[in-house]
Each structure stands twice: as structure tokens, then as C-alpha cells.
Amino acid sequence: MSNALRQEPALPTRSIAWAVICYLVLPITVVIAVSLTDRPYLSLPSDGVSLQYYQKLFTSSEWMSSIWQSFVIATVSTAICGLLGTLAAIGCWRIGSGLANAVRMAMLIPLMLPSMIYALGAYQVWANLGWVNTYTGIIVAHAMTGMPYVVITVSTSLAGLDPKLEQAARNLGATMGQSLRYVIVPNIMPGVISGLVFAFIHSWDELVIVLFIAGRNVFTLPRRMWDGINEHLDPTMAAVATVLIVLTVILLAAEFLLRGKKR
């Protein structure tokens, strides 16, 4: 009897959980359905399912160029913020004082500020450096705004790392670089991978900074979709959104599997 009473609250809790999941997933399912429409505008399929807009996506030079630009920018910026963010988190972990906490908070500023404010400030600085309408400007901006994700995830992994492991390695004759390569990084790799995944997704989806910094030479995928919304509601955008959803799920699933193997 007592066990049954303990299990009674589970029913409303599960119902609320499933209701929240359905609320979050419903817009995604609508986008997927719209991408299969047979009409020349954004709507649900009427007479049948059609893959014409997926074909248009992968045969259009404009869409493929935007996808390639977004991929290159996201890959390079993720590599930069992954390296710098990991080293910064390790440095703060080694310091382990109030100064380290202040440095962590300063690194989180790009994440806490509204994108509009950060993009406006970046535009003013980038204009003086001659980085406006260049891949360099977009990559550096994306690396700076993606770094907080790496710092957060790596710092979380470092919180569970025993400092005595590094001390033991140093006592056995390992240099600072060797202890970093063979002791610290392998133990925090799940946090590094998580940060890289979130940084890549952030760069891939970023729009506001691109609208401020990029000119006609840099036309990323989010910007292509934004212009499509303003000019004409092409269902190809729904196909692009579906592809992005699939890629995001694949990245998160891969990150989850890698974390599971590390454990």
C-alpha cells in the first residue's frame, strides 16, 4: 500500500513532462510537414507529399554556396574558440581564486549580452580593423560569442577533476605540456566535445552578427533564409530548416554517445 502511494505522484509528473515535450516538439514537426508541401508557398501538403523543395535546395547554387560558407565559418570558429576556451578554462582552474571567477564571468559576457548590442559594438570595432564584409570578421566574432559555451562545459568537467592527478604527473617528471596532453585533456574530453558541439551549432545558426558585419560577399545560410522570408515565402526554407534539425539531432546524439563511451 505504501509503495502504491509513493508511485501516485509519478502520473501527473509524467503527464506534465510529456505535455512540455509535445509543446517543444510540435513546431518542429510542423516545419518538417511544410517542407514536404506540394504548393508554391509555405503551407501544409494539400494533394500529396512532394520532395521538390529538397531537390531545389541541393541543386541551387545559391543555397549550396550559403551552406558551404556557413560550414566553413562554423568549423573554423569552433576550432578557434575550442582551443582558446579550453586553455582559458584550464588556466582559471589552476588559479582557483577570486580572480579566476572574475575571468570566467568576463568570458560569459558575450553570452549574457543581447546579440544586437554585441553585434553593434563588433561592427564599430571591425570597421576600424577593416574586417567588415570579410570571412575573418565573421569567424572572429563567432569564435568570441561561441567561447562561453566551451568555457562553461570545460569548467564543469574540471570541477570533477582531482588536481592531485596533475601533481602526480609533474612529480614523475612530466612537463606542463605533457601533463596537459596526457592527464588533463583526456579527463575533460567530454566537456570539450560538448562545448565544441554547442559552439558549432551557435555559429551555424547565428544571424544578428552576420547582418551587421557581413556585406554582399558573405552570405551565410541563416542570412539566406532571412532574406527569403523578407522577399518571398519560398518553401525551400522549410526544407533547409528540416536539414538543420536533422544535423543538430545528429550532432547532439554523437556528443551523447561519445560522452557515454568516455564514462
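Which residue forms a salt bridge with Glu166?

## The model

This is a predicted model, in which local features need pLDDT of at least 70, side-chain atom pairs count only at pLDDT 80 or more, and totals for chains, interfaces and linings use all residues. Numbering runs from 1 along each chain as its sequence is written, and side-chain values use heavy atoms, leaving out hydrogens and water.

## Salt bridges

Back to Glu166: the partner is Arg94, with the closest N and O atoms 2.4 Å apart. Glu166 sits in helix α9 (residues 163-171) and Arg94 in helix α4, so this pair ties together parts that are 72 residues apart in sequence. Helices here are DSSP runs of H or I with at least four residues, numbered from the N terminus. Glu166 is buried at a relative accessible area of 12%, while Arg94 is partly exposed at 35%. The cut-offs are under 20% for buried, over 50% for exposed and partly exposed in between, with a 1.4 Å probe and protein chains only.

The structure holds two salt bridges, each a side-chain nitrogen of Lys or Arg within 4 Å of a carboxyl oxygen of Asp or Glu. In the other, Glu62 pairs with Arg224, and the closest N and O atoms are 3.8 Å apart. Glu62 belongs to helix α4 (residues 61-95) and Arg224 to helix α12 (residues 221-231), so parts 162 residues apart in sequence are tied together. Arg224 counts as buried, at 18% relative accessibility.

## An exposed residue

Over in helix α2 (residues 10-34) you'll find Ile16. Ile16 counts as exposed because its relative accessibility is 56%.

Conventions
Helix = DSSP H or I, 4+ residues; strand = E, 2+ residues; numbered from the N terminus.
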